[in-house]
Amino acid sequence: MRDSIPITDEELGFRELEQDSLYRKIPEPMKEFYVKESLQKGREAAGQWRGKRIQEALEEKGIEVVMKAHQSMAKMVRLRGEICFTKEKSSITVYEDSLQSMAEACMALPKGFSISREKCLEVHLAHEFFHYLEFEEGKTVAEKLPKAQIGKFFGWTRMASIQQSSEIAAHAFAKEMCGLKVLPNYYDMVYIERQREKKN
Amino acid sequence: MLSVIGIIVVFLVSVVLMMRKKMPAIIAMPLMAILFALIAGVPVMSSDPETVTIFGNVLKGGSTKMAEAMAGVMFGAWFSKIVTRLGISKAIVQKAAELGGDNTLVSAIVFYIAASIIFIPNMSLGSVMLVGNIIIPIMITMGISTVNAGIITILACVSGASLNVSGWPQIVQTLGVTEAQIREYLWIGIVPLYIVCLAAIVFFIKRDNGKRRAAWAMPSEETSSRTQKVPALAYLAPVIPLIMVFALKIDIIPAIMISAVITLLLARPKNPIHILSSAMVEGIQEVAGALGLFIGIGMLLVAVQTPQVSSVLTPLIEAIIPSTVVGYILFFTISVPFVLYRGPMNIAGLGLGVFALLVASGMNPLGAFLGYRVLNFVQIMCDPTNSFTVWIADFTKNDTIVYLKKILPWAIAVVVISLTIGMPIVL
Ligand SMILES: [Zn+2]
C-alpha cells in the first residue's frame with residue numbers, strides 16, 4: 001500500500017517537486033523553499049486576475065484554444081495539455097481524453113473534491129494560461145527562483161533551475177483561478193491510484 | 001513461363017495482403033514457401049531420400065534453417081531483460097537527466113545518447129516503453145515539443161539497434177557474409193547514421209527556438225517509483241557484449257553469456273539465479289514473434305534454393321541485380337519506399353527473404369549487406385507500422401505519419417551518404 005493522497009498545498013507541491021529530474025540533487029533544505037516560493041508565485045499571479053473567468057482571460061490575451069481528440073489505444077493518459085507560445089499568436093491544446101480521465105477520477109471522490117467536466121476544462125486552461133503568463137513576462141518561475149547547486153567537481157559548481165517549480169506555480173494558479181479545494185495534481189494522483197486499482 | 005507468372009502473382013498478392021494488414025508476415029512467409037515450391041514443381045514428398053521435397057526440405061529442413069539466428073535473438077532478449085531487471089536501464093536514464101541539467105539542447109543530446117546505449121542489447125517495444133515513459137515527459141517539461149521528444153526517442157532506437165550484435169547470425173545466415181566481415185564494415189552505415197541523427201536533433205531543437213512550450217504531464221509509476229541503487233560500473237552493461245564481440249572477437253552467443261555473468265557480478269543482485277532464469281523466459285516471450293518469422297523465412301529460403309524454384313527465379317532476379325557501384329547505390333536508394341508499411345523490402349517482414357533471394361541469385365554479399373544495413377535503419381526510423389513508433393505516437397498524441405514525414409528526409413540522407421561512401425569500398 002502506498003501512503004494516501006495528500007490534500008494540503010505544501011504536500012501536493014512536494015509530490016510535484018519529486019517529479020523533477022534533478023530532485024535527488026536538490027539540497028535538502030532548499031526543497032521546502034522551492035515548494036513554498038512556487039506556490040506563492042502562482043497565487044500572486046492569480047490575484048491579478050481575481051473576478052475574471054479563465055475564458056475571459058484567454059480572450060483578452062487572444063489565445064487560441066485547440067481541443068484535440070486522440071483515441072489512445074493503450075488507454076494511457078500522460079499528457080493533459082500543452083501551450084505553444086510565440087510573440088504573434090499563442091495556442092493552448094487540451095486533450096479530450098485527459099478531460100475524460102480527470103472527470104472519471106472525480107466520480108468516486110467526496111463532495112467538494114469532485115469537479116464537473118466543465119470545471120476540468122477550466123483547470124486545464126488555467127494551468128496552461130499560467131505558462132502563457134510566464135512566457136509573456138519572459139521568465140518562468142523556474143528561471144526566476146534561484147538555481148540549485150546540483151553538483152560540484154573540483155571546485156566548479158554546477159547550478160540548474162528546477163523546472164518543476166513552474167508546474168507547482170501553475171497548479172497553485174489554477175487552484176485559485178478555478179476555486180478548487182486542492183492543487184490540480186491531486187487529480188493526477190487520484191487517476192493513477194484508480195488505474196493501479198483497476199490493474200489489481 | 002507459366003510458373004514465372006505464378007510465382008510473381010503469389011509474391012505480389014502476399015505483399016499487398018501484408019501491407020493491408022490482411023495477413024501477417026508470420027503466415028505469409030511459410031505460405032509463400034509452399035506455393036513457390038508447388039508452382040515450380042517441387043514434389044510434395046518422395047520415397048527417395050535424395051529427392052528435394054516440400055515436406056522433407058522446405059517444411060522440415062526450413063523450420064530449423066535459421067536456428068542460429070533464432071538463438072541470437074533469444075540470447076539478446078535474455079541479456080536485455082537482465083539489464084532491465086537489475087534496474088540498470090532506469091539508473092542510466094536518471095543519470096542522464098541529472099547530467100543534462102536545465103539546458104534543452106544538452107539534455108536532448110544526453111537523452112539521445114543514454115537511450116541509444118540502453119537500446120543496444122535489445123530495442124523492443126518493452127524497452128522503448130520503459131525508457132520513453134521516463135524521458136519523454138522530462139523533455140516535454142523542459143520545453144521540447146511532443147513531436148521532437150518522440151523524434152529523439154525514435155532516433156535513439158535506430159542508433160541503439162545499429163550496434164546490436166544478437167542480430168548478426170541472421171545476417172550471416174541470409175546474406176552469406178562472415179562475422180569478421182560484419183565487424184570490418186559495420187562502421188560504414190553507423191558513422192553517417194550518428195552524425196545525421198545528431199544533426200537532426202540540433203536542427204529540430206534549434207528550429208523550435210523562438211517558440212516556448214510547456215506541457216502538463218502526469219507522473220507515472222516509472223517516474224515516481226524510486227530507482228534501485230546500481231553500482232557505477234554496472235552502467236556499462238549494455239555495451240559489454242559489444243566489447244566482447246569487437247575487442248575480443250568472441251562469437252555472439254558465448255559473448256552474450258559471458259556478458260550476462262559479468263553484468264551480474266557488477267550489479268551484485270540478491271537473487272542472481274532467479275534473475276537469470278526469469279529473464280530467459282520473459283526474454284523469449286518478447287521475441288516470440290521474431291522466432292515465428294524466422295521459421296517462415298527459413299522455409300522460404302529453402303524453397304527458393306531448390307533447383308526447381310531457383311531455375312525459375314534466378315534469370316528473373318539476375319536481370320534486376322545491379323553490376324556497378326552506381327547501380328548498387330541507386331538500387332538500394334530506390335528501395336527506400338518499399339521498406340515502409342511492411343513493404344517487400346522491410347527487414348522485419350518479407351525483406352529478409354528478398355535479400356536472401358538477391359544474394360542467392362548472384363548479388364554481391366557485401367553489397368547486399370550494406371543495403372541491408374541502411375534499409376534496416378530506414379525501417380526503424382520511418383516505418384509507421386513499427387510497434388514502438390505506434391506507441392511513441394500514441395504517448396505524444398501525434399500521428400505516426402507526422403514522424404514519417406519529419407524523419408524520412410534524414411533517413412534518406414543516411415542511405416545516400418552510407419552507400420556513396422561504402423559501396424566503392426566493399427565492391
Ligand atoms: Zn505545466
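Is B:I171 buried or exposed in this structure? A few friendly notes follow, with that answer among them.

1. Ground rules. This is a predicted model, in which local features need pLDDT of at least 70 and side-chain atom pairs count only at pLDDT 80 or more, while totals for chains, interfaces and linings use all residues. Residues are numbered from 1 along each chain as its sequence is written, chains are lettered from A and ligands numbered from 1 in the order in which they are written, and side-chain values use heavy atoms, with hydrogens and water left out.

2. The opening residue. B:I171 counts as buried because its relative accessibility is 3%; buried means under 20% relative accessible area, exposed over 50%, and partly exposed in between (1.4 Å probe, protein chains only). B:I171 belongs to helix 9 (residues 168–175) of chain B; helices (H or I, at least four residues) and strands (E, at least two) are DSSP runs, numbered from the N terminus. From B:I171 to B:S361 there are 190 residues in sequence, and 16 Å in space, C-alpha to C-alpha.

3. A:H127 is buried at a relative accessible area of 0%, and A:E167 is buried at 5%.

4. Strand pairing. Strand 4 (residues 148–153) and strand 5 (residues 156–160) of chain A run antiparallel and are joined by five bridges; two strands pair if DSSP finds at least two bridges between them. A:F153 has A:W156 as its bridge partner in strand 5. The two strands form a hairpin with two residues between them, and A:F154 in the turn has a positive phi of about 45°.

5. Across the chains. Strand 2 (residues 79–85) of chain A pairs with strand 1 of chain B in the antiparallel sense over six bridges, with A:L79 opposite B:A217. Strand 1 (residues 212–217) of chain B has five of its six residues buried, so it is largely enclosed by the rest of the structure.

6. Backbone angles worth a look. B:Y341 is not a glycine, yet has a positive phi of about 50°; this residue lies in the loop between helix 18 (325–334) and helix 19 (351–360) of chain B and is partly exposed at 33% relative accessibility. B:K397 also has a positive phi, near 55°, in the loop between helix 21 (387–395) and helix 22 (400–426) of chain B. B:K397 is buried, with a relative accessible area of 1%.
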